[in-house]
Amino acid sequence: MRRVQADSMAIQRLFVACKSVFKGPGTVPAPADVDMLQKLLDGMRAEDLRLSMDMDFFNAKKATKGTPIIRYTIIKKCENFSMVIFFLPPKAVIPLHNHPGMTVFSKLLLGEMHIKSYDWVDPAESNDSKTPSDQLRLAKLVVDSDFSAPCSTSILYPTTGGNLHTFRAIKACAVLDVLGPPYSAEDDRDCTYYNDQNFFSYSNGAATQDGGGNERIGWLEKIDGMPEESYMEWAEYLGPQIIDV
């Protein structure tokens, strides 16, 4: 009984905090609110959402052949934010995608993954494509590293922090995403996917190909829809329930 109360309280505290932090479209949480929400997420464990490596999902013998299937479960979605868990089997990839006008907190709860993220060199440039050449935009590499649970919460903002990212599972993993505001095609916050082209390292304004520069920039190519080599399925949320007060 105490264990049930403890995990219910953790997700309930997160939900209440999100209601306070996210003010709606067109806003970015204040630094103090970001710190508060980050500390809450940093302290969350897989057990708080009733997740463990003993779950059938993480059973390698039951893994499907071919394209690994990524599953996602929605804990809560409202006008100002959403809370979602993604389950990735080994080698599964969430393709490179953006988060238009959104602040996103990502907490790796189980497993190990590689995260690669970018920001636009010119955030003010329009993302609308009218010609084939408009499919390409210049971006700079922000993160290109492996992460193992437990680790600190990653945060991205509308124009900084690696707003475009891709996840690749090294081992089976589960990651909790808190997005504010949530995706909404009706409100011009649809998810767009990209391919990354060759990147170059820059040092003192000079381009190099040996990776020795201080900054790596290159082109991202906008593509239509999710790449065929990726597949996602919805799964029912079976964790502690939230009371919306």
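Which backbone nitrogen does the side chain of D48 reach? The side chain of D48 reaches that of R45, at 2.8 Å, a polar contact being a pair of N or O atoms within 3.5 Å, where within protein one must be able to donate a hydrogen and the other to accept it, and residues adjacent in sequence count only if both atoms are side-chain atoms. D48 lies in the loop between helix 2 (31-42) and strand 1 (69-77). D48 is buried, with a relative accessible area of 5%; buried means under 20%, with a 1.4 Å probe and protein chains only.

The model is predicted, so local features need pLDDT of at least 70 and side-chain atom pairs count only at pLDDT 80 or more, while totals for chains, interfaces and linings use all residues. Residues are numbered from 1 along each chain as its sequence is written, and side-chain values use heavy atoms, leaving out hydrogens and water.

**Overall composition**

The protein has two helices and 13 strands, which are DSSP runs numbered from the N terminus (helices H or I, at least four residues; strands E, at least two). Of the 245 residues, 42% are buried. The protein exposes about 13200 Å², and carbon and sulfur atoms supply 51% of it; areas come from the Shrake-Rupley method with a 1.4 Å probe.

Six strands form an open sheet in the order 7-4-9-2-1-13, with mixed pairing; two strands pair if DSSP finds at least two bridges between them. Strand 7 (154-156) and strand 13 (231-234) are the edge strands, each pairing on one side only. Strand 4 (residues 103-110) and strand 9 (residues 173-180) pair in the antiparallel sense over seven bridges. F105 stands opposite V178 in strand 9. Helix 2 packs on the sheet and touches strand 4, strand 7 and strand 9, contact meaning heavy atoms within 4.5 Å.

**Nonpolar cores**

A nonpolar core is a set of buried Ala, Val, Leu, Ile, Met, Phe, Trp, Tyr and Cys residues joined through side-chain atoms within 4.5 Å.

| Core | Size | Residues named |
|---|---|---|
| Largest | 28 residues | L14 and L49, with the most contacts inside it |
| Second, separate | 18 residues | including F86, L156, A169 and V175 |

Helix 1 (2-21), helix 2, strand 2 (82-88), strand 4 and strand 9 each give two or more residues to the largest core. Helix 1 gives the most, with six residues. Not counting residues up to four places away in sequence, L49 touches I11, M44, I75, I85, L109, L176, Y237, G239 and P240.

How values were computed: Buried means under 20% relative accessible area, exposed over 50%, partly exposed in between (1.4 Å probe, protein chains only). Axes are lines fitted to C-alpha atoms, for helices over the stretch in contact, and angles run from 0 to 180 degrees between N-to-C directions.
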